[in-house]
Amino acid sequence: MQKNGMTRRESLVRTAAATAGLGLAVSMSLATKKAMAKVSPQPNAKADNDLLNALLAAEYDAIATYTAGAGIIAGDAATPQATRDVVTDVAVHFQDQHKEHAAALKKLIEDTNGTPVEDSGEAKLPESFPAATATTTDVLKLATDKEKQAAYTYAQVMQSVSTQTAAKLIAAIGAVETQHFIVLYLLVEGFIATTDMTAASPTLVVPAAFVLDGYGTTNLESFAALDELLTLDPA
Amino acid sequence: MTLKNQDNESAIDKVASAAPQSARRDVVHGGAGLAMAALLGIVASACSSDKPGADNGAGGMGGGSAADDADVESLNALLTAEYRAIAAYTAGAGLITGAADSDPLYALRTVIVDIAASIQSQHKLHAAALIDAIEGLAGAPVDEDEAASGLVIPSALTDNPTISNVLKFAAGAERGAAVAYNQTVGVLEDAKFRFLASSIEGDESQHFITLAALVLGLAAPGPELSEETADQVFPAAFVYKVGAEAGLDSMPVDYFS
C-alpha cells in the first residue's frame with residue numbers, strides 16, 4: 001500500500017515542487033471564495049452509472065484480452081523466451097491494474113445503488129487480429145489499440161458524467177490507461193526498448209494503478225518509492 | 001540505435017521555436033543561467049456539487065456573472081502551471097545543451113532536447129485550450145510572463161545540473177501536473193471543463209511515465225528514436241479531441257480494425 005495519508009497527499013503538489021525548492025503556484029480554496037460556477041449538467045448518479053457500467057465492461061474486456069494475449073505469447077516459440085517473459089510480466093502487471101480499476105468502478109456503482117454489469121470473461125478481438133497465427137508483437141499491438149481506445153473513451157465520457165465524484169474516479173483511471181498506451185506504443189514503434197531493469201521491476205513500468213489516492217493499492221499522489229527514485233542526485 | 005548527435009541549431013532556440021500551429025502565445029525564452037524550474041502546485045479543496053440541484057450557492061444554472069464563475073479560478077490555476085511548464089522546458093533545454101561531455105547521457109542530449117521541444121509544444125496547446133475556456137466564461141486569463149516569472153530554480157538542480165537530474169525534475173513535475181489536473185477535475189462544476197482537464201491530464205501523464213521510464217532505466221531509447229522521429233513520441237496533445245486539435249481518438253491509427 002502506498003497510501004500514506006495527508007503528509008504524502010499534500011506533498012505531491014506541494015513537495016513535488018517544494019522538495020525541489022519550489023513553492024505553490026496557486027492555492028485555491030473553492031470552499032471559501034465568493035465566486036460562483038455553473039453546475040452543468042445537474043448531478044445524476046443514476047445516469048452516471050450507465051456510463052460507469054460501460055467503462056466497467058471495457059475493463060473486463062481488457063482483463064480478458066490480457067489473459068488471451070498471455071496465452072498467445074506463451075505459444076510464440078519464434079520469439080526469444082527472455083522477450084516473452086518480460087512482455088508477459090508487464091502485461092500481467094497492467095492486467096492487475098485493470099482489475100483494480102474494475103473494482104473501483106464496481107464499488108462506486110454499488111455505492112450509488114446501481115447494479116454493476118457482469119463480467120463476460122470474454123475478450124472482444126477485432127476482426128483483423130490473426131488470433132491463430134498471432135505473434136508477441138501482434139499481442140503488443142492489440143494491447144496498444146485497446147489501451148488507446150480505453151484512454152480516449154475515459155476522456156470522452158467526461159463530457160457527460162454529471163457528478164464530481166464519478167468524474168474524479170474516471171480521470172484517476174483514464175490517465176493510467178494513457179500510460180499503458182504510451183508505453184506499449186513506444187515499444188511497438190521501436191522508440192523505446194526494454195532493459196534489464198524492465199525485467200527486474202515490471203511493476204515500476206507503470207507504477208500506480210490510479211492517479212489519486214483513495215481508490216486502490218497504488219497511486220501517483222502518494223508513492224514514497226517513486227518519490228525516492230525521482231529525487232535529484234546530489235552534487 | 002539510430003540516435004544522432006547533431007548540433008545544427010541551438011537547442012534552446014529549437015525548443016523555443018517549437019510553437020505548434022495553433023498555439024496562441026509566444027514561447028517564453030529563458031535567459032542566461034537557465035535552469036530547469038518548475039511546476040505547479042494546486043490544492044483544490046473540494047466543494048462538492050454532487051447533490052441534485054446543487055448550485056454552489058449562487059443561483060444554479062448560470063447564476064451570477066460569468067466572470068465570477070468559480071471554474072475560472074481553477075482553469076487559471078492550470079493555465080499558470082502550463083506557462084511555468086513551458087518556461088521550464090526552455091530552461092531545461094539550456095541545461096541539457098550545456099551538459100558536460102562527461103555526462104552519462106551526453107550522447108543523447110540532442111534527441112532529448114527534441115523530445116522536450118515536442119512536450120513543450122503540447123503544453124502550449126494545453127495553454128491555448130485553457131485560454132479558450134476561460135475567455136468563454138468571460139474570464140481573464142492570467143498573464144503569461146507574470147505566471148512564468150513564478151518559477152523557482154531548485155538548488156538541487158542548479159548545484160548538479162546533469163541531464164539525468166533535468167529528466168528527473170521534469171518527470172516529477174509532469175507527475176505533479178497529472179495529480180493536480182485530477183484534483184481539479186474533482187472541483188470543476190461544468191462537465192465540459194472536467195472533460196478538458198482530463199483530456200490534458202492524460203497527456204501530462206504520458207509525459208511523466210515516458211520521462212520516468214527513461215531516466216530510471218526502465219526503458220532505453222529504441223532503434224527508431226532519432227531527431228527525425230522525436231516529435232512522434234507523443235502522438236497527440238489531448239487524449240480526446242479538443243476543438244480543432246486531434247486526440248488519441250484519431251491518431252495514431254489502430255493496428256487492427
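1. Helices are taken here as DSSP runs of H or I with at least four residues, strands as DSSP runs of E with at least two, and both are numbered from the N terminus. The model under review is predicted. In these terms, A:Pro41 lies in the loop of chain A between strand S1 (26–29) and helix H2 (45–74). The peptide bond joining A:Ser40 and A:Pro41 is cis, with omega at about -10 degrees.

2. A cis peptide bond is also found in chain B, from B:Met251 to B:Pro252, where omega is near -5 degrees. B:Pro252 belongs to the segment that follows strand S2 (220–221) of chain B. As background to this point and to the next, most peptide bonds are trans, and most residues other than glycine have a negative phi.

3. For A:Asn113, phi is positive, near 65 degrees; A:Asn113 is placed in the loop between H3 and H4 of chain A. For B:Ala138, phi is likewise positive, at about 60 degrees, and B:Ala138 sits in the loop of chain B that runs between helix H3 (109–136) and helix H4 (144–148). Are these two residues buried or exposed? A:Asn113 counts as exposed because it has 9 C-beta neighbours inside 10 Å. B:Ala138 is exposed as well, with 12 other C-beta atoms within 10 Å; the cut-off for exposed is 12 or fewer.

4. As to the overall architecture of chain A, its secondary structure amounts to 7 helices and 2 strands. Along the sequence these elements follow the pattern α-β-α-α-α-α-β-α-α. Chain A has 235 residues, of which 51% count as buried. Of its contacts between residues at least 6 apart in sequence, 75% join residues at least 24 apart.

5. Helix H4 of chain A (residues 136–157) contains 22 residues. Its span from first C-alpha to last is 32 Å, close to the 32 Å expected at 1.5 Å a residue. H4(A) is mostly covered, with 19 of its 22 residues buried.

6. Helix H3 (residues 81–111) and helix H5 (residues 164–188) of chain A pack with their axes 11 Å apart, at an angle of about 170 degrees. Which class of packing does this give H3(A) and H5(A)? Angles over 145 degrees count as roughly antiparallel, and H3(A) and H5(A) are therefore roughly antiparallel to each other. By class, the contact of H3(A) with H5(A) has 7 nonpolar, 3 polar and no charged residues.

7. A corresponding pair may be examined in chain B. Helix H2 (residues 70–97) and helix H6 (residues 163–185) of chain B cross at roughly 170 degrees, and their axes come within 11 Å. H2(B) and H6(B) are therefore roughly antiparallel to each other. The residues contributed by H2(B) include B:Ala81, B:Ala85 and B:Ala88, and those contributed by H6(B) include B:Ala170, B:Ala173, B:Ala177 and B:Ala180. The contact of H2(B) with H6(B) divides into 13 nonpolar, 3 polar and no charged residues. An α-helix has 3.6 residues a turn, so residues three or four places apart point the same way.

8. The largest nonpolar core comprises 144 residues, and A:Ile170, A:Val211 and B:Ala213 touch the most other members. H5(A) supplies the largest share of this core, 17 residues. Beyond neighbours within four places in sequence, A:Ile170 is in contact with A:Leu55, A:Tyr154, A:Val157, A:Met158 and A:Val161.

9. A:Asp48 lies in helix H2 of chain A and is a charged residue by class. Why is A:Asp48 classed as buried? A:Asp48 is buried because 25 other C-beta atoms lie within 10 Å, and the cut-off is 20 or more. Apart from neighbours within four places in sequence, A:Asp48 contacts A:Val161, A:Ser162, A:Thr163 and A:Ala166. A:Asp48 and A:Ser162 are 114 residues apart in sequence, yet their C-alpha atoms are 6.5 Å apart.

10. B:Phe195 is situated in helix H7 (residues 191–215) of chain B. B:Phe195 counts as buried because it has 25 C-beta neighbours inside 10 Å. Which residues does B:Phe195 touch, not counting those up to four places away in sequence? They are A:Ala155, A:Met158 and A:Gln159, in chain A. Within chain B, the C-alpha atoms of B:Phe195 and B:Val239 are separated by 9.9 Å, the two residues being 44 residues apart along the chain.

Methods
Residues are numbered from 1 along each chain as its sequence is written. Chains are lettered from A and ligands numbered from 1 in the order in which they are written. This is a predicted model: local features need pLDDT of at least 70, side-chain atom pairs count only at pLDDT 80 or more; totals for chains, interfaces and linings use all residues. Axes are lines fitted to C-alpha atoms, for helices over the stretch in contact, and angles run from 0 to 180 degrees between N-to-C directions. Angles under 35 degrees count as roughly parallel, over 145 as roughly antiparallel, 65 to 115 as roughly perpendicular and the rest as oblique. A nonpolar core is a set of buried Ala, Val, Leu, Ile, Met, Phe, Trp, Tyr and Cys residues joined through C-beta atoms within 7 Å. Two residues are in contact if their C-beta atoms, placed from the backbone, lie within 7 Å. The expected span of a helix is 1.5 Å times one less than its number of residues.
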